[in-house]
Amino acid sequence: MASLNGSPAVGDVVLDIEGLVVEYRTRGSAMRVLPGVDLTITRGEVVGLVGESGSGKSTLALAALRLLPANGRIAAGRIVLDGTTDVTSVSREQLRRLRGEKVAMIFQDPLTSLNPTFKIGRQMIDVQRAHCGGRVRFAERKQFQQKATALLREVGLPDADQLMHSYPHQLSGGMRQRVMTAMALSLEPELLIADEPTSALDVTTEAQILGLLRQIKADRDLTILFVTHDLSVVAEICDRVVVMYAGQVMEQGDVADVFERPQHPYTRALLDAVPTRSHRGQPLHTIPGRVPSLIGEFRGCRFASRCSYVQDVCRTEEPRPVASDSSEAVRCHMRDPGSAYEHAGLSTTATPKAVPPA
Amino acid sequence: MTTTAHDPGRPDDTAGPPPPPLLRLEDLSVTFSPDGALARLAGNRRAVRAVDGVSLSVSDAEVLGVVGESGSGKTTLALAALRLQRATSGRVSFAGADVGGMRREAVRRFRRDAVMIFQDPHSSLSPRMRVSSLLREPYVIHHIGPDEQYSVAELLRMVELPERLADSYPHELSGGQARRVGIARALTLRPRLIVADEPTAGLDVSAASAILNLLQALRDEHGTAYLVITHALNVVGYLADRIAVMYLGRVVETGAAEEVYDNPLHPYTRALIASIPGMDSGRASRQQPVAGEIPSPRNPPSGCHFHPRCPFAVDRCRSDDPPLEEAAPGRQVACLRWRDVADAGSPAVSHGG
């Protein structure tokens, strides 16, 4: 359904999230995990969504497919696929088709995503069958089988025929992640959302899976949203990076630019905390404090309590996203010439320090 | 065959024979044999050599990093070193005493001097005890008088946790905080050796860095020796003085951390370094990551265990077991072709930071 007329061009918007508000109900209070997030992903991009635990990055990924847990709900906003379909308002049946055909997802732990009691082949075929509607004739079954083995080979599992008869527990972690990827590709999605797909793997296997994703991305013209807490993985595979903190996008831009000249203090701090050999003998940078609790109202910048550049304005006024140097958008008073922040050197251009009460 | 503990950075003003290393493993092997009716029925008679003739040592205030993929036997090695897993053969000695032959009182003393920080802090802290009780428990177990005890407040300060957490239960702690409580518990007994299994696994980058800083500071302050088990080479590169690389139960390379990192001699070490994602390496210069996966230890390949994945493998590697030989002082490698590997230049990692 809803396939595009003609060939999709690179540069089209595949996913457009606007003002997305997600809330979780927790013992009486509502926790606003995403307070209104905007995110645009264009065709052919690999976008890295990074942040600490509690930053809302997984919530954003799940919300894109309406896969939120039962106590979560999309309170406001739009999630538009291909410029045509709003995920937040489609019917259940449409949603069922969207999942897999337009957008597919792979998770951190393939063992919990695969059914332990069915063979790989059965599960690979089930995905295709669920999306062809109605009953399946023998010939089609045969077709599904062929497609399944072809996909398994494509993801680097040469013993595909034998693998079809294996159970998930008989495979290694790396092989399971490959199977998950093959399954995700079964219905030729345009967008692949990968939620920490390599976090549980050894470095060598991680390198292989990243290589695989790069390969299928090139072969299939796939768009990838890569959710991870690991900045080195972002440096490795992503074109664009989106840094989240406490539910907000703090900075986004080209990976090379942002990593070279981070504009937000939080991005800077995250990058500095990565242990590298050049750090030997000196203490690593850390970010004091914790991600704030999302219960209740926020005032000012969400990062203010942990920021080493914090000023009064940061505690009272929420910064707006502005373009700055290497970043497409950064949410920091320091980078906003229009803000009441006392910009070192250019404080004359800034408005006088008159902070309206929030 | 034993790696001699050698640290040029430490003043050695004692004349005469050097003291024995704090922890010494000699030709240590741990074999798991399937037994019982079920294994017989399944026809599963093959023993698994999780640790296969490993010799290593750790000196006072030294950090030895043991690196390898899952299945390389590194955790079993740690457990055997602490007598938490019986060794099938070989010897573990601690401060010169044979750990395997220790009697009750000696074991009790050993448990005070050599402690472990487990990988998953939440599952190693009793969910029904408050942090304060968790931190006092070791004193009760070891009958330690009040004058030798740290107070709960002191312990929390050492691991940089706020004092108010003393009344918390483990489920109220974040991953990083629980890890710190685990470290504080290990510190209660003023051990001489701490074995840390994946100390930063599952933590955010900032929390992981804080834990690494903490371990480093504690070692500087108390002179504690560490055996750090990890698959994350950057963790070891940051913390360790020496590195031992394990593959399928065997040590394939050891040496000073910078040397192993900058000039790996074993193809497997090269592969591990080339696999580290990210910032240190240029994406353009990236080589193909090592192919394949670590084979089952139930049925290890013949000859050099690494040969099926090794880009340097020749026929000889399939039949001959490479011995761990001295490539340079304090540097050992188990590869028939290490000279050729060394000549091939460094793997695809730039040396910039």
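Across which strands of chain A does helix α7 (residues 173-185) lie? Select this helix: α7 of chain A lies across β6 and β7 of chain A, at about 170 degrees to β6(A). Axes here are lines fitted to C-alpha atoms, for helices over the stretch in contact, and angles run from 0 to 180 degrees between N-to-C directions. Helices (H or I, at least four residues) and strands (E, at least two) are DSSP runs, numbered from the N terminus.

The model is predicted: local features need pLDDT of at least 70 and side-chain atom pairs count only at pLDDT 80 or more, while totals for chains, interfaces and linings use all residues. Residues are numbered from 1 along each chain as its sequence is written, and chains are lettered from A and ligands numbered from 1 in the order in which they are written.

**The sheet of chain A**

Select the strands next. An open sheet of 8 strands runs in the order β6-β7-β8-β3-β9-β10-β12-β11 (chain A), with mixed pairing; two strands pair if DSSP finds at least two bridges between them. At the edges are β6 (103-106) and β11 (321-324) of chain A, each of which pairs on one side only. From one strand to the next the twist averages 20 degrees. Within this sheet, β7 (residues 191-195) and β8 (residues 223-228) of chain A are parallel and share 5 bridges. Pick D195(A) to find V227(A) of β8(A) opposite.

**Confidence in chain A**

The chain averages 87, and 92% of its residues score at least 70. Residues 1-7 of chain A stay under 50, and the model gives them 4 contacts beyond four places in sequence. Residues 345-358 of chain A are also below 50, with 20 contacts beyond near neighbours in sequence. Two residues are in contact if their C-beta atoms, placed from the backbone, lie within 7 Å.

**Where the chains meet**

Show both chains. Here 35 residues of chain A are in contact with 31 residues of chain B. On the chain A side, the elements giving two or more residues are α8 (203-220) and α9 (231-237). The largest share, 8 residues, comes from α8(A).

**Helix α7 of chain B**

Move to residues 175-187 of chain B. Helix α7(B) has 13 residues and reaches 19 Å from its first C-alpha to its last, close to the 18 Å expected at 1.5 Å a residue (1.5 Å times one less than the number of residues). Because 12 of its 13 residues are buried, α7(B) is largely enclosed by the rest of the structure. A residue is buried if 20 or more other C-beta atoms lie within 10 Å of its own, exposed if 12 or fewer, and partly exposed in between; C-beta atoms are placed from the backbone. The buried residues of α7(B) pack against elements of chain B including β6 (114-117), α5 (131-141) and α8 (205-222).

**Strands β1 and β2 of chain B**

Select residues 23-32 and 48-58 of chain B, strands β1 and β2. They run antiparallel, joined by 7 bridges, and V30(B) has V51(B) as its bridge partner in β2(B).

**Last stop: P295(B)**

P295(B) is in the loop between α11 (267-275) and α12 (315-319) of chain B. With 16 other C-beta atoms within 10 Å, P295(B) is partly exposed. Leaving aside neighbours within four places in sequence, P295(B) is in contact with L248(B), P300(B), P301(B) and P308(B).

Terms used
pLDDT is the predictor's confidence in each residue, from 0 to 100.
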